[in-house]
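Dear colleague,

Please find below the structure that I am handing over to you. My notes on it follow directly after.

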Amino acid sequence: EPEAYRSALVDGYLQVADRYNQGGQLDKYIDHLALAVDQSPQTTSLHLKLATAYEEARKYEDAVQQWRLVLDLEPEHPDRTRLLNLIRKHS
């Protein structure tokens, strides 16, 4: 049953992503973060992590999309003002 293993799968993707990040492989880091987001699309922290990676890679359009998803999922997010400023800056 895929639902039973979803959390473990997300954790696995994050562990692999972190290893790629430590190794300086930003594209593979982003790929694995995206896989984690695909498995857990309602988790705002994953969207934030992916947005930060996209920003670091200068993929601003993708970062903006992720920040918007964070605000859609959690309109009163504690970092709302900062995220709105980042969206304005990179749009």
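Predicted model: local features only at pLDDT ≥ 70, side-chain atom pairs only at ≥ 80, totals over all residues.

Residues are numbered from 1 along each chain as its sequence is written, and side-chain values use heavy atoms, with hydrogens and water left out.

The axes of helix α2 (residues 26-39) and helix α3 come within 10 Å and cross at roughly 155° (axes are lines fitted to C-alpha atoms, for helices over the stretch in contact, and angles run from 0 to 180 degrees between N-to-C directions). The two helices are therefore roughly antiparallel, a term for angles over 145 degrees. In their contact (heavy atoms within 4.5 Å), residues of α2 including L33 and V37 meet residues of α3 including H47 and L50. The residues of this contact divide into 11 nonpolar, 1 polar and 2 charged (Ala, Val, Leu, Ile, Met, Phe, Trp, Tyr, Cys and Pro count as nonpolar, Asp, Glu, Lys and Arg as charged, and the others, Gly among them, as polar).

H47 lies in helix α3, residues 44-56. H47 counts as buried because its relative accessibility is 4% (buried means under 20% relative accessible area, exposed over 50%, partly exposed in between, with a 1.4 Å probe and protein chains only). A polar atom of the H47 side chain lies 2.8 Å from the backbone oxygen of P41.

D27, in helix α2, is partly exposed, at 49% relative accessible area.

With kind regards

How values were computed
Helix = DSSP H or I, 4+ residues; strand = E, 2+ residues; numbered from the N terminus. Polar contact = N/O pair within 3.5 Å; in protein donor to acceptor, adjacent residues only side chain to side chain. Parallel < 35°, antiparallel > 145°, perpendicular 65-115°, else oblique.
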